[in-house]
Amino acid sequence: MAAARTPSVPTAGKPLRESSVELVTDYLETPSLDDRSYRVVRLSNKLEVLLVHDPQTDKASAAMDVNVGAFSDEDDMPGMAHAVEHLLFMGTKKYPVENEYHQYLSAHSGTSNAYTASTSTNYHFEVSAKPSNDEEPSAANPSPLLGALDRFAQFFVEPLFLANTLDRELQAVDSENKKNLQSDQWRLHQLEKSMSNPKHPFCHFSTGSFETLKTIPESRGVNVRDKFIEFYEKHYSANLMKLCVLGREPLDVLESWVVDSFSVVRNKDLPLNVWPEEVPFTKEQLGVQCFAKPVMDSRELNLTFPFLDMELLYEVQPSRYLSHLIGHEGPGSIMAYIKSKGWANGLSAGAWPVCPGSPSMFDVQIRLTEEGLKNYKEVVKVLFQYIALLRETEPQEWIFDEMKGMADVDFKFKQKTQSYRFTSKISSVMQKPLPREWLLSGNSKLRKFDAKLIKESLDCLRPDNFKMTIVSRDVPGTWEKKEKWYGTEYTVEKIPADFMEELEEAAASSANERITNLHIPHKNQFIPTKLEVEKKEVKVPAPAPHIVRNDPLVRTWYKKDDTFWVPKANLIVSCKSPLVYATAENTVKSRLFTDLVRDALEEYSYDAELAGLQYSVSLDSRGLFIEVSGYNDKLPVLLEQVLITMRDLEVRTDRFTIIKERLTRAYRNWELQSPWTQIGDYTGWLTSEHDHVIDELEAELPAITAEAVSRFRKELLGQMHMELYVHGNLYKEDALKLTDMIESTLKPRVLPKVQWPIQRSLIFPPGSNYVWKKTLKDPANVNHCIEYWLYIGDKADHQIRAKTMLLDQIIHEPCFDQLRTKEQLGYIVYSGVRAGATTYGFRFIIQSEKTASYLETRIEAFLESMTKILETMSDTDFENNKRSLIVKRLEKPKHLDQETGRHWSQIHSEYYDFEAANKDVDQIKPLTKADMLEFFNHYVHPSSPARAKLAVYFVAQAKSDVTTKQISELVKTLQLDSVSSAQAATDLQARLSAAGHDEEKEIEGLTTYLLHELKVPENKIEAATEAWKGLHTQTGEANGVVKDAEPPTSNGTTATVIEDVRGFKAGLAASAGAKPAKDLSEYEELDAKL
């Protein structure tokens, strides 16, 4: 029974606001090793709160989930919920400075984010969990969480929706939308939405754009700021909010703070958002096949079935039983059969909720080969034959029990995640109608076997209850329509009657009519049975692993887990070989070999994956990379099979052809990704001694044969040096046995130490000023990109490291505020440390419709302004920044994998500096403002003659010299409805940009488009062309149009444009290779067993 009470702990420095609190529960089902304590309360305004006391956390956090999202947008103003999410951060009555919240978080090791989903909007932050005196927090000695909660709460009490920030934030929404325009994930999801029931909110365009949120509404006389405030007032209510707060403070203190800050959030007693009246897909929208043309060269077959509403089925979760069987990849599965036919590269299946009150959707997604695309109808028939098999077979309780057992084990040994990830996820889960005791275990666990409900859900998977999408750049070759928001080309039609008849036959097939290869899975031999962990009292966990074997062939590092006490382990092997990166051709052959190994292991390893064991065979920067991780019980079994497959791999021509074609597309598609995701690889290539970029690899691939890979495999595995790390719930003798297994299975010859690969970065001398340019491959992409990189010094120099990291801490928030929030250069604006193999640098990345040379001028202007920010920074703010950085550097790993990753990064780098964080902190502590000014003025300030800089320019083919403002004004003259206006704006920006500022071509393209595609009356065309003639002349920086320019120079040097990369590299010295921080013999423990 819930109890009402009043918190007894006063808030620091403030009288407690009178408010009763209802205790919902203080018992939650938790993982076995969870040392947190929990309490669920309901405030007097009906705001529900989960309080979490974590005595070990480095970061405190809070998240608010509001039960309103894109499904609540008004039909004629798409993106409202998303815009409100952006605008909410722009000042509050109590804290009117727009970036005060972000400044506070930044000064206390914090970060924040938010997202808008279909039915909820989620806001979250994290901040240092300890007070500045480093003592335990309390009501009298509060951590920065108190100040963060107070600022955070005001967004839900009195946000200002500052008028002077409105256009900027709507431009940010617009940039976010433009960032996604070439993403197939966004395009195909919106296509599905656009083809759904227009009376159901699933059809909404959720991101919004400048046109939908400002230009078009204002052309109708709408005051958009008033609209956003109206949306907030209408939908934001305390009774629809779920808050999760995590900190080191005791629960009573956290409760007191929450009551003080959040009890004043207004409760409007709004009903929960449910949509029971309409379904996302009506009968008319089912039984159709859609052919969609992707941006990437991909081939997919996607089948969607309207399913049961899963909201209240959390105990049984029948969809998981079905997705387990349909998505299986082991013997007898759909995937095993269609792969054996050469039709598919992958298959996934599962259900996802649309919204409360509406049926969920069950999706089957199949990645097709070229042959699979030709035979996609056969693939669909195989699926329905398997569904017929499931209908014929009674739901098997042993399968459910196997799934339930693994789910129980996974939850029992669930480890902590980052604080803000936890609070964000759990506040979202709180919106579901789960018993509050199950908030943590909710959908993770399976609780009841219900054969009847499984059959009922299986009955949804019928030929008369699905729609199908075939994604390909080749089939059918012409597409009849364009999706209105993203411009995806597609054709949609009813599934032909003869094909539907074949599907119905397949769905009704009996055992003797079905493919004999199909059957339900066998029992999983990888389910772990030994889950014991010998836990010992450890005062301080060991900071580093030990070397337990060290000879010319192999060096084995080992650490018994002394922190997390889970029955898991990680094994990593780096097989060092100079062959892999000797040439681009060798790199491609190595990649094909690792892809073929994974392909050969797919059926075998699937059961292991279901049982919590993963493996990887890939490339690292020194050679081959093998990793096996998960529950340690059966880890040696999986490792042995991986090694045998590597050793005995038969390179079959049929599989090689499929894998090679897949890699060809992967290389091609990589170059069609967002520019900001590509640019780092080129900077790495230009700043390291030996590296290959995608262009080189792609050029080598066509000539490589199956025989060449087969021969190369023998060379590659024939000689190497192996460095291992074994970490987790294993003993020293286990680590040595695993090492012996690797040696005896692969049997490599010793690679002499003198031949071990050495990694070196290039040294940029003082005054260096280089620019390298590349034109992007995607002709439709309008985004330019820059990585502006400054060389600082030796990666092993902890003083260099400390100053560079502190600069990042100080610069990060002002950079984002100036270049993204205020100047709106683009949605992607990033600054931070960039470490090479042996050197340290500082970089900025911006992706924008503006040219890279212009972006460089803005980065330099920002850096000019940083001198004043540093000079005028108060001592308190400077010390806060130092403390914030120290907290980040000393943050403890949250789970076993994270600790493994930290240790492995030191082993693989060959610095072996396991105390790096503490050494960095020792250098950070004594730093003064004068030190940082001297450092900044020498290495970073644009006018410094000592500064060494490389700027990488990505140039978009589709020049976006036409601004959003110009397009918005043009579209206004057409007086179109909101949907047509948004489509016209997207199309016209691309067409007019492509004309390259040739007015005649612009007018011709505009007229053709308006006449033939939009079919607008001639009088409107004349008005539009006249309007464009006026707008065409409005170029220049003030209007956001920036022509290409020479790279800026402020220190007397002229930028050298790199034309010959080999010549450029030849002109630079290479650094020394990495050296161990201390003699490795100090880590050796070669005798006694633990």
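How do the residues of the lining of the largest cavity divide into nonpolar, polar and charged? I worked on a predicted model, and in it I counted nine nonpolar, two polar and two charged residues in that lining.

**Cavities.** My search of the whole structure gave five cavities of 30 Å³ or more. The largest cavity holds about 80 Å³ of space, and of the 13 residues that line this cavity, I noted Tyr321, Leu390, Thr393, Glu394 and Pro395 as the closest to its centre. When I asked which elements give two or more residues to this lining, I found α9 (318–326) and α15 (451–458).

I then turned to the second largest cavity, for which I have a volume of about 60 Å³. Its lining is made by Phe89, Gly91, Thr92, Tyr95, Val97, Glu98, Glu100, Tyr101, Arg151 and Phe155, which I sorted by class into five nonpolar, two polar and three charged residues.

**Second largest pocket.** I next looked up the second largest pocket, where about 1,300 Å³ of space lies. I found 44 residues in its lining, with Tyr581, Ser621, His690, Asp691 and His692 lying nearest the centre. Two or more lining residues come from each of α17 (584–610), β19, α19 (653–670), α20 (675–687), α21 (694–700), β26 (828–835) and β27 (839–848), and α17 gives the most, with six residues. By class, I recorded 17 nonpolar, 17 polar and 10 charged residues in the lining of this pocket.

From the UniProt record, an unreviewed entry, I took the feature "domain: Peptidase M16 middle/third", which is placed at residues 411–697. Over residues 411–697 I have the chain as 38% helix and 18% strand, with the end C-alpha atoms 43 Å apart.

**Helix α27.** I checked the length of α27 (residues 896–909), whose 14 residues reach 20 Å from the first C-alpha to the last, close to the 20 Å expected at 1.5 Å a residue. Which residues of α27 are buried? I listed Leu896, Glu899, Thr900, His903, Trp904, Gln906, Ile907, His908 and Ser909. I then looked for the packing partners of these buried residues, and found the strands β17 (554–560), β18 (568–576), β19 (613–620), β20 (623–631) and β21 (719–728), together with the helix α28 (916–924). Just after α27, I noted that Glu910 takes a positive phi of about 70°.

**Other backbone details.** Lys747 has a positive phi of about 50° although it is not a glycine, and I located Lys747 in the loop between α23 (732–746) and β22 (749–750). Why do I call Lys747 exposed? Lys747 counts as exposed because its relative accessible area is 61%, and the cut-off for exposed is over 50%. I also took the C-alpha to C-alpha distance from Lys747 to Gly728, which are 19 residues apart in sequence and 26 Å apart in space.

Asp269, again not a glycine, has a positive phi near 50°, and I placed Asp269 in the loop between α8 (251–262) and β9 (288–292). With a relative accessible area of 49%, Asp269 is partly exposed.

I found Pro476 in the loop between β13 (467–471) and β14 (481–482).

Conventions: Residues numbered from 1 in each chain as written. Predicted model: local features only at pLDDT ≥ 70, side-chain atom pairs only at ≥ 80, totals over all residues. Heavy atoms only, no water. Helix = DSSP H or I, 4+ residues; strand = E, 2+ residues; numbered from the N terminus. Expected span 1.5 Å × (residues − 1). Buried < 20%, exposed > 50% of the residue type's maximum accessible area, 1.4 Å probe, protein only. Contact = heavy atoms within 4.5 Å. 1 Å grid on protein atoms, 1.4 Å probe; cavity = no way out; pocket = protein on both sides within 12 Å on 5 of 7 lines; lining within 4 Å. Points joined across faces, edges and corners; volume = space filled by probe spheres on them. Nonpolar A, V, L, I, M, F, W, Y, C, P; charged D, E, K, R; others polar. UniProt positions renumbered as here; feature names shortened; annotations may be inferred.
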